[in-house]
Amino acid sequence: MGIADSLSRLINVALFASSLRMTTPVLYATLGGIFSAEAGVLNVGLEGLMIVGAFFAIVGSVTFGSAWAGLLVAVLACVILSFLFAAVHLEWGADEMIVGLALNVLGYGLTTYLLLVMFNVAGYYSSDTIVGFELIRIPLVHDLPLVGEILSGQFALVYLAFLSVAVTYFFLYRTPWGFWLRSVGESPEAAEAVGINLRLMKYTGVLVGGAFCGAGGAFLSLAHLNLFSEGMTAGRGFLALAAVNFGERKPLKCMVAALIFGFTDALAIRLQRFGLPSQVVLMLPYIATVVILTLSAIQGIAAQRARLAAKG
Amino acid sequence: MNRHTDTEVGTETTQVQRMLPAIVLQLMNYVLILLLALAIGALIIASSGKDPLTAYAALFHGAFGSRMAVANTLDRSTVMILAGLAAVFAFSTSVRNLGIEGQLYAGAFVAAWVGFGIQALPAPLHIALAFVLSAVAGAAWSLVPILLRTRWGVDEIVPSLMFNYIAIHFTAYLVAFPFKSDTTILPGTDPINATAKLPRLMRGSPLNVGFALALVLVFVVYWFLFRTKQGYELRMVGMNPRFAAYAGLPVKRSALMGMLLSGAMAGIGGASLILGFFGRFITQFSQGYGWDGIVISLLAKNNPIAVIPAALFYAGLANGSLEMQSATQVPITLVSTIKGVIMFLVTAQFFLRYLSKRYPQWA
C-alpha cells in the first residue's frame, strides 16, 4: 500500500507532462547542436548562446509587450553571436572549441553585465512587464484521458520543439540543402569537389543552430516563470551537446536523448519531495550522460568486433 | 672538430634569428587583440554613460597601482598559474581537458578535508600531505573522461565537461550533508587546522607560500616537458598523434599521462586557494579559474614559463575590476565580457595574418 501509493504519487501523468516541458529547452539547443555539427562545426558554446537567448527574450518581451517578440529578439541576438562565432572560425581560422568556450564566457559575462546596466538588478530580474507564453489547450486532444493531460495544456514552444525535430529531419534528409549540409560535415573534401560551397554551408549550419539555441533560451525565461536569472541555463547547453554526441547527430535519436534528460530532470525534481537532496538531483543528468556515452561506446565497439568476426 | 662546433653555433644563431621575429609577431598580435578587447569594453562602458578611461585607470590602479595591489594580484595569479599549467599539460598532449574546473573542485575539497580532518601533524608535513592528496584527487577526477577515450574511443570533450557539473554539485552535497559545518553560514566545511594553513609572505596581504610553489611548479613543468625524454614524447604525441603512432610512441599512454598530470595540477590549484586563501572549502569558490587556465595556456602557446605573465595579466584583470567597480560603479562582470572577447580572438589569425603580410621578413 505504502509503496504503491508513493509510486503513484511519483510516476503519474503530471510527471510525463513536466518531462515534456523540461525536455523542451534542451531539445532546442540539441537541434542547434545538430545543425552546427552536421555542417562540420563543433559548437561547445550552446550554453552561452542559450543564456543570451534567455536574456534577450526578456528584453524583447518587455520592450514590445509580447512573448513572441521576445522569442524573435532572442533568436536574432543568438544569430548575430553565432555569426561572429562562424566568422572568426571560418575567416580567421580560430579554433572552434576555444571560440565555443568563449561564447560561454561571453554569454555569461554579457548577460550579467547587461542585467545590471539595463534593469538595475543583480542576480535575477522578474517583473509584471514581462509577457510570457500562454498555455495552449488543444481542443479535441484535451478531452482524451491520460494523453490529453500530457499533450494538451503545454506551451506553444513545446509543440514547436517537437515539430522542429520533424522539420529538421525532413530538411536534413529530404532536401538538397540538407544533403549538402550533411556532406560538408561528413567529408568536406568530397563536398567541395562536387562544387558545394563549404563556407556557405558552414555559416548556414552555425547560424540556424544559433537560432535554435535562442528559442531554447527564450523558453527558459518566458515560459513558466517569466524571469531571467544569472546562469539560469544551468548546464543545459552542455547536456544538449551530450545529446548530439549520443544521438550521433540523427534528429530522432538525439530527441530521445533529450527526452531522457527531460525525464531525469522531471523525475529528480519529484524525488526531491521524497527527501532526495537537491544537489544529488542536479547531478543526475550529468552522471546519466557519462553512463550513456560509456554504454553506447562499449556497445559500438562490441558491434564492430561482431562485424569483424563475421567477416572472418 | 673545430668546424663541427662552428656549424652547431651557426645553426643555433639561425634558430634564434628564426624564432625571435615569430615571438615578436605573436606579441604584437596579442597586444592588438588586447587593445581590441579593451576597446569593445570601452564601448560597453561608454554606452552605459560612464567614462571608460577613468574606469580603466581604476582597473589598472587596482591591479598594479600599489605594493599591496601587486601582492594581491600575485596572490590571485597563484590558482591561475596552476590552472594554466593544467591546461598546458592537456593541450600539449592534445587532450582536450575541459574538466579543469571540476578537477579544481576535487582538489580543493580533498585539501580542506585533509586540512581539518588530520590533527597534530607538523605544519610542513600537513601541507605537503594536503597538496599531494589534492593532486591525486584532481587526477582521479580526470580519470574517467580519459579512460573513456583511450579504452573506448569516446571523445573526451563532453565527458570532461560533465565532470565539472558533477564535481560542483557533489561537493555542494558533501558540505550540505556529511560535512555540514556549524562554524560557517556559507555552505562550507569546517575550517582547516593552523598546521595546514599556507604561511603568508606579506603583512596585510593574502599572498602566501602557494605562489612560490606555483612558480617552482612552472619550472618543474618546463623542465619535464622540454628537458626529459618523457616530456618530449608527450609533446610529440600532442603535435602529431598519427606520426607519433607510426614512430612507435605510446600514444594512448601519453594521452593518459597528459590528462592525469593536467588533473593533478588543477587539484593543486584548487588546494592552493583553500589552504592559502579561504581556509575551508566553500561551494562555488572558483570563479571559473579552470576556464581562465585554458585561455592562459593558449596565450602562453603551451609554454609553461609564458604561463606566468599570462596569468598575471588575468589576475590583474580580476583584481583591478574590484577597484573599478567601487571607484566608478562599472560592474566587475564587464571583465568577463573582456575575457570573452580575448578568448574569441586568441586563436584567430585576425591580426597575425595582417602582420605577417606587413612584415613578411618576420613571418
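## Basis of the model

Because the model is predicted, local features need pLDDT of at least 70 and side-chain atom pairs count only at pLDDT 80 or more, whereas totals for chains, interfaces and linings use all residues. Residues are numbered from 1 along each chain as its sequence is written, while chains are lettered from A and ligands numbered from 1 in the order in which they are written.

## Overall form of chain B

Chain B contains 14 helices and 0 strands, where helices (H or I, at least four residues) and strands (E, at least two) are DSSP runs numbered from the N terminus. Along the sequence the pattern is α-α-α-α-α-α-α-α-α-α-α-α-α-α. The radius of gyration of chain B, 22 Å, is close to the 21 Å that the globule rule gives for 363 residues, so chain B is as compact as a globular protein of that length. This radius is taken over C-alpha atoms, and the globule rule is 2.2 Å times the number of residues to the power 0.38.

Taken along the principal axes, the C-alpha atoms of chain B fill a box of roughly 70 × 55 × 40 Å. Of its 363 residues, 53% count as buried; a residue is buried if 20 or more other C-beta atoms lie within 10 Å of its own, exposed if 12 or fewer, and partly exposed in between, with C-beta atoms placed from the backbone. Two residues are in contact if their C-beta atoms, placed from the backbone, lie within 7 Å. Among contacts in chain B between residues at least 6 apart in sequence, 78% join residues at least 24 apart.

## Domains of chain B

Chain B is divided into domain 1 (15–50 + 330–363) and domain 2 (68–328), with bounds that come from an automatic or database domain assignment. The centres of domain 1 and domain 2 of chain B, taken over C-alpha atoms, are separated by 26 Å.

Between these domains of chain B, 13 residues of domain 1 are in contact with 10 residues of domain 2. Helix H13 (residues 333–346) of chain B supplies 7 residues, the largest share of the domain 1 side. By class, that side of domain 1 has 10 nonpolar, 1 polar and 2 charged residues. In this classification Ala, Val, Leu, Ile, Met, Phe, Trp, Tyr, Cys and Pro count as nonpolar, Asp, Glu, Lys and Arg as charged, and the others, Gly among them, as polar.

H5(A) has 24 residues and reaches 33 Å from its first C-alpha to its last, close to the 34 Å expected at 1.5 Å a residue; the expected span is 1.5 Å times one less than the number of residues in the helix. Of the 24 residues of H5(A), 20 are buried, so this helix is largely enclosed by the rest of the structure. A:Asn120, whose phi is positive, near 60°, follows H5(A).

## Nonpolar core

The largest nonpolar core has 214 residues, such a core being a set of buried Ala, Val, Leu, Ile, Met, Phe, Trp, Tyr and Cys residues joined through C-beta atoms within 7 Å. Helix H10 (residues 251–278) of chain B gives the largest share of this core, 15 residues. Domain 1 and domain 2 of chain B both give residues to the core, so it lies between them.

The residues with the most contacts inside the core include A:Ala243 and B:Ala83. Leaving aside neighbours within four places in sequence, B:Ala83 is in contact with residues including B:Ile100, B:Leu104, B:Ala266 and B:Ile296.

## Selected residues

A:Leu239 is found in helix H11 of chain A and is buried, with 32 other C-beta atoms within 10 Å. Not counting residues up to four places away in sequence, A:Leu239 touches A:Val26, A:Phe261, A:Pro285 and A:Thr289. A:Leu239 and A:Phe261 are 22 residues apart in sequence and 7.7 Å apart in space, C-alpha to C-alpha.

B:Ala120 lies in the loop between helix H4 (100–117) and helix H5 (123–152) of chain B, has a positive phi near 55°, and is exposed, with 7 other C-beta atoms within 10 Å. B:Asn302, in the loop between helix H11 (289–299) and helix H12 (304–328) of chain B, has a positive phi of about 65° and counts as buried, with 20 C-beta neighbours inside 10 Å.
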